[in-house]
Amino acid sequence: MGLENTNGYDLSLDERDCRLIAALQNGLPLVPHPYAAIGASAGMNEAEVIARLHRMLESGVVKRFGVVVRHHELGYRANAMVVWDVPDERATELGQRVASHDFVTLCYRRARCLPDWPYNLYCMIHGRDRNLVHNKVSYLIKACDLQALRHEVLFSLQRFKQRGARYVRPAAETANLGPAVGG
Amino acid sequence: MNNTLSELDKRLLNDFQRDFPLSNTPFADLALELGISQQEVIEKLRSLAERGAVSRIGAVLRPKQMGASTLAAMAVPKSQLDQVARLVNGYPHVNHNYEREHRYNLWFVVTAGDEDELQYTLQDIEQHSGIPVLSLPMLDDYHIDLGFELQWD
């Protein structure tokens with residue numbers, strides 16, 4: 001595929017990488033030799049699983065490998081998506097500044113959807129309550145000189161669904177694109 | 001849940017979000033570091049997963065690495081919100097789906113094998129709900145994921 005990231009690493013995935021990622025979608029099984037177990041379902045041995053994970057971490061295909069926690073269950077009840085309308089030519093500079101704060105858990109540039117949605121820079125902030133999140137947003141605006149740019153803070157209310165992305169689906173699900181029965 | 005978490009639980013949640021050992025016996029490595037047995041590590045992680053505190057031990061992928069995905073938003077009349085949320089949840093392509101406090105009140109992530117399947121899914125949601133769907137695909141990811149430093153008080 002010839003994809004490269006900014007450090008020049010090769011980001012392409014071969015068919016065996018994809019099988020490994022598919023086998024890992026639900027996480028490591030809690031058994032003494034989890035990589036061997038993953039390998040058994042991906043059709044490769046333990047050493048190959050470990051070598052491929054090393055390579056994907058080094059290239060940046062895998063951003064991190066480890067325990068993925070659920071913030072809400074750990075008492076982080078306030079979760080805000082903050083969106084800004086940032087000039088396109090400043091998006092990278094401002095995005096990197098926003099992302100450098102340790103309380104920011106995601107930071108993306110996304111396409112606008114004009115005229116309905118003018119915002120293009122997104123970040124996620126978790127806190128134990130709304131006041132703490134508002135304080136962090138105010139701090140971020142000052143620290144990154146965002147005062148002149150319009151923004152909105154969208155707190156989450158109900159969580160209807162949360163799970164890791166499934167990129168690879170069983171054939172039956174792929175074939176049926178409609179909502180599940182009763183959905 | 002915080003007040004029912006032991007010091008060991010807290011370390012398991014906080015200290016192994018990245019650089020999880022890529023060895024033949026990673027849970028034994030954790031056990032050595034924590035001064036407990038491998039079996040205890042496995043049982044504690046299983047319990048934390050059952051209680052919902054741990055989603056999984058796994059890989060966080062760079063976005064746009066596989067298939068196609070987007071963030072979608074809908075402005076759903078309050079009276080229809082539960083019904084439309086259930087409709088959206090029913091798609092295997094949807095992995096996060098939240099109500100947010102805004103006129104655009106339903107926000108969800110859609111992933112698909114390719115761009116055609118993604119567009120088909122968005123259109124299918126519009127058709128079944130009768131409500132337009134904004135699609136806000138990612139252009140850049142600025143966040144370097146080091147995990148999340150948990151604070152317990």
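User: What is the handedness of the crossing of H1(A) and H2(A), and how is it known?

Analyst: The crossing of H1(A) and H2(A) is right-handed. The term applies when the near helix is turned clockwise from the far one, and left-handed when it is turned anticlockwise by less than a right angle. The model is predicted: local features need pLDDT of at least 70, side-chain atom pairs need 80 or more, and totals for chains, interfaces and linings use all residues. Residues are numbered from 1 along each chain as its sequence is written, while chains are lettered from A and ligands numbered from 1 in the order written.

User: What makes H1(A) and H2(A) oblique, rather than parallel or perpendicular?

Analyst: The axes of H1(A) (residues 15-23) and H2(A) (residues 34-42) come within 9 Å and cross at roughly 120°. This angle makes H1(A) oblique to H2(A), because under 35 degrees counts as roughly parallel, over 145 as roughly antiparallel, 65 to 115 as roughly perpendicular, and the rest as oblique. Axes here are lines fitted to C-alpha atoms, for helices over the stretch in contact, with angles from 0 to 180 degrees between N-to-C directions. On the H1(A) side the contact involves Arg19(A), Leu20(A) and Ala23(A), and on the H2(A) side Ile38(A), Ser41(A) and Ala42(A). Contact requires C-beta atoms, placed from the backbone, within 7 Å.

User: How are H1(B) and H3(B) oriented to each other, and what shows it?

Analyst: Helix H1(B) and helix H3(B) (residues 38-50) pack at about 80°, with axes 11 Å apart. H1(B) and H3(B) are therefore roughly perpendicular to each other. From H1(B), the residues Leu8(B), Asp9(B), Leu12(B) and Leu13(B) meet Lys44(B), Leu45(B) and Leu48(B) of H3(B).

User: Is Gly66(A) buried or exposed, and how do you know?

Analyst: Gly66(A) has 21 C-beta neighbours inside 10 Å and so counts as buried, since the class needs 20 or more other C-beta atoms within 10 Å, exposed means 12 or fewer, and partly exposed lies in between. Gly66(A) belongs to strand S1 of chain A. Its contacts, leaving out residues up to four places away in sequence, are Phe16(B), Gln17(B), Arg18(B), Asp19(B), Phe20(B), Ile57(B) and Gly147(B).

User: Why is Asp145(A) given the class it has?

Analyst: Asp145(A) has 10 C-beta neighbours inside 10 Å and so counts as exposed. Asp145(A) lies in the loop between helix H5 (130-143) and S5 of chain A, and its phi is also positive, near 55°, in a residue other than glycine.

User: How do you know that the buried residues of H4(B) line one face?

Analyst: Helix H4 (residues 81-89) of chain B has Val84(B), Ala85(B) and Val88(B) as its buried residues. Seen down the axis of H4(B), these residues fall within an arc of 105°, so they line one face of the helix. They pack against strand S5 (151-162) of chain A, and within chain B against strand S2 (68-74), strand S3 (94-100), strand S4 (106-112) and helix H5 (115-129).

User: What makes up the side of chain A that touches chain B?

Analyst: In total, 71 residues of chain A are in contact with 74 residues of chain B. At least two residues each come from H1, H2, helix H3 (46-59), strand S1 (62-69), helix H4 (91-99), strand S3 (104-110), S5 and helix H6 (171-175) of chain A. S5(A) gives the most to this side, with ten residues.

User: What elements does chain A hold, and how are they counted?

Analyst: Chain A has six helices and five strands, where helices (H or I, at least four residues) and strands (E, at least two) are DSSP runs numbered from the N terminus. Their order from the N terminus is α-α-α-β-β-α-β-β-α-β-α. Of the 183 residues of chain A, 28% count as buried.

User: What is the peptide bond from Leu114(A) to Pro115(A), and what is its omega?

Analyst: The bond from Leu114(A) to Pro115(A) is cis, with omega near 5°. Pro115(A) is in the loop between S3 and strand S4 (121-127) of chain A.

User: Into which domains is chain A divided?

Analyst: Chain A is divided into domain 1 (15-59) and domain 2 (72-155), with bounds from an automatic or database domain assignment. Taken over C-alpha atoms, the centres of these two domains of chain A are separated by 34 Å. Chain B is divided into domain 1 (2-50) and domain 2 (68-136), and 36 Å separate the centres of these domains of chain B, taken over C-alpha atoms.

Conventions. The arc is that of the directions from the helix axis to the C-beta atoms. Two residues are in contact if their C-beta atoms, placed from the backbone, lie within 7 Å.
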